[in-house]
Amino acid sequence: MSKSDYTPDDREAQTFARFKRHYEAQRALLPEVKEMATDALKRGATTGQLAKLTGLTDELFRRIARAEGVERLRPPTVGREVQHHEPPAGESEE
């Protein structure tokens, strides 16, 4: 079957159309969610709480928090902001 011969059956067409409507609605609502999240983060919400409430990733909310200068509730544990000091080869930290 070539690509030009494809026609979705009724179930596929309905499911794809429903998905597209939800996807477009999500994209339209995302700026408002981000704006509300900024305020919520400044009032003490955690990125994990917002992720659970929205179904979006906590990384999205971490990026918003960093961009908005929201004070961290705990120090970072990974990434470039963590100063990782390894002892020189052959030496231990004793």
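In this talk, a residue is called buried when its relative accessible area is under 20%, exposed when it is over 50%, and partly exposed in between, computed with a 1.4 Å probe on protein chains only. At 25% relative accessibility, Glu 59 therefore counts as partly exposed.

Good morning. The structure is a predicted model, in which local features need pLDDT of at least 70, side-chain atom pairs count only at pLDDT 80 or more, and totals for chains, interfaces and linings use all residues. Residues are numbered from 1 along each chain as its sequence is written, and side-chain values use heavy atoms, with hydrogens and water left out.

I begin with helix α3, which spans residues 58–68. Helices here are DSSP runs of H or I with at least four residues, numbered from the N terminus.

Which residues form salt bridges with Glu 59? A salt bridge is a side-chain nitrogen of Lys or Arg within 4 Å of a carboxyl oxygen of Asp or Glu. Arg 62 meets Glu 59 at 2.9 Å, N to O. Arg 63 also bridges to Glu 59, with the closest N and O atoms 3.0 Å apart. Arg 66 joins Glu 59 in a salt bridge of 3.2 Å. In general, side chains of opposite charge can pair when their charged atoms come close.

The spacing along the helix deserves attention. Arg 62 lies 3 residues from Glu 59 in α3, about one turn of the helix, and Arg 63 lies 4 residues from Glu 59, again about one turn. An α-helix has 3.6 residues a turn, so residues three or four places apart point the same way.

As for accessibility, Arg 62 is partly exposed at 32%, Arg 66 is partly exposed at 41%, and Arg 63 is exposed at 54%. Together, Asp 58, Glu 59, Arg 62, Arg 63 and Arg 66 are linked in a network of salt bridges. The count for the model comes to 6 salt bridges.

Now to the other residues of α3. Which of them are buried? They are Phe 61, Ile 64 and Ala 65. These residues cover an arc of only 100° around the axis, which puts them on the same side of α3; the arc is that of the directions from the helix axis to the C-beta atoms. The face turned away from this buried side carries the exposed residues Arg 63 and Ala 67.

What do the buried residues of α3 pack against? They pack against α1 (10–42) and α2 (47–54). Phe 61, Ile 64 and Ala 65 also belong to the largest nonpolar core, which has 10 residues. A nonpolar core is a set of buried Ala, Val, Leu, Ile, Met, Phe, Trp, Tyr and Cys residues joined through side-chain atoms within 4.5 Å. Helices α1, α2 and α3 each supply at least two residues of this core. In soluble globular proteins, nonpolar side chains tend to be buried together.

Just after α3, Gly 69 takes a positive phi of about 70°. Val 70 is one of the core residues. Not counting residues up to four places away in sequence, Val 70 touches Leu 41, Lys 42 and Ala 65, where contact means heavy atoms within 4.5 Å.

To close, I return to Glu 59, whose side chain meets those of Arg 62, Arg 63 and Arg 66 in salt bridges. Thank you.
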